[in-house]
Amino acid sequence: MASGYQVNIVINSGASFYQEFFLTEPDLSPKQITGSKFFASLAKHPKSIDVERSTSDKPKYNYFKFHTTVVNGQGGVFAISMTSSQTSRLKEGKYVFNVVMR
């Protein structure tokens, strides 16, 4: 079963964004993530639909993708980031983000 936790981040529009995360095992030792892939996205709410491109049988979701990187596989460190041109497209307000490790 996947585990989850909540983290608040602040992204300034028009500025580069970079955030590192540290994954640990239950005994608090670093989680081995070498070779793992991460996928991350940002949306206004968990099921944001792009109403202009969606159809009833093929919904299109409206989200922004993060670039993800394994920074230190043995140390359990990965990062998410966006360029300044990506963040400049964000409108003011609250968003939700998801990170999935495979």
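1. Residues are called buried under 20% relative accessible area, exposed over 50% and partly exposed in between, using a 1.4 Å probe and protein chains only. By that scale Phe97 is partly exposed, with a relative accessible area of 21%.

2. This is a predicted model, in which local features need pLDDT of at least 70 and side-chain atom pairs count only at pLDDT 80 or more, while totals for chains, interfaces and linings use all residues. Residues are numbered from 1 along each chain as its sequence is written, and side-chain values use heavy atoms, with hydrogens and water left out.

3. An open sheet is formed by three strands in the order β3-β2-β6, with antiparallel pairing. The edges are held by β3 (64–65) and β6 (96–101); each has a single partner strand, so one side of each lacks a neighbour in the sheet. Strands (E, at least two residues) and helices (H or I, at least four) are DSSP runs numbered from the N terminus, and two strands pair if DSSP finds at least two bridges between them.

4. Strand β2 (residues 38–43) is joined to β3 by two bridges, and the two run antiparallel. Opposite Phe64 in β3 stands Leu42. The C-alpha atom of Phe64 is separated by 8.2 Å from that of Gln86, 22 residues apart along the chain. Gln86 belongs to helix α1 (residues 84–87) and is partly exposed, at a relative accessible area of 24%.

5. There are five aromatic pairs in the structure. Rings of Phe, Tyr and Trp (its six-membered ring) pair if their centres lie within 6.5 Å; planes under 30 degrees apart count as stacked, over 60 as edge-to-face and the rest as tilted. Phe38 and Phe78 form a stacked pair, 4.2 Å centre to centre with 10 degrees between the planes. This pair links distant parts of the chain, Phe38 being in β2 and Phe78 in β5 (residues 77–82), 40 residues apart. Phe38 is buried at 7% relative accessibility, as is Phe78 at 4%.

6. Phe66 and Phe97 have ring centres 6.4 Å apart and planes at 70 degrees, so this pair is edge-to-face. Because Phe66 lies in the loop between β3 and β4 (67–72) and Phe97 in β6, the pair ties together parts 31 residues apart in sequence. Phe66 counts as buried, at 7% relative accessibility.

7. One aromatic cluster is made up of Phe17, Phe21, Phe38, Phe66, Phe78 and Phe97.

8. The charged end of Lys44 sits over the ring of Tyr95, 4.4 Å from its centre. The criterion is NZ of Lys or CZ of Arg within 6 Å of the ring centre and within 35 degrees of the ring normal.
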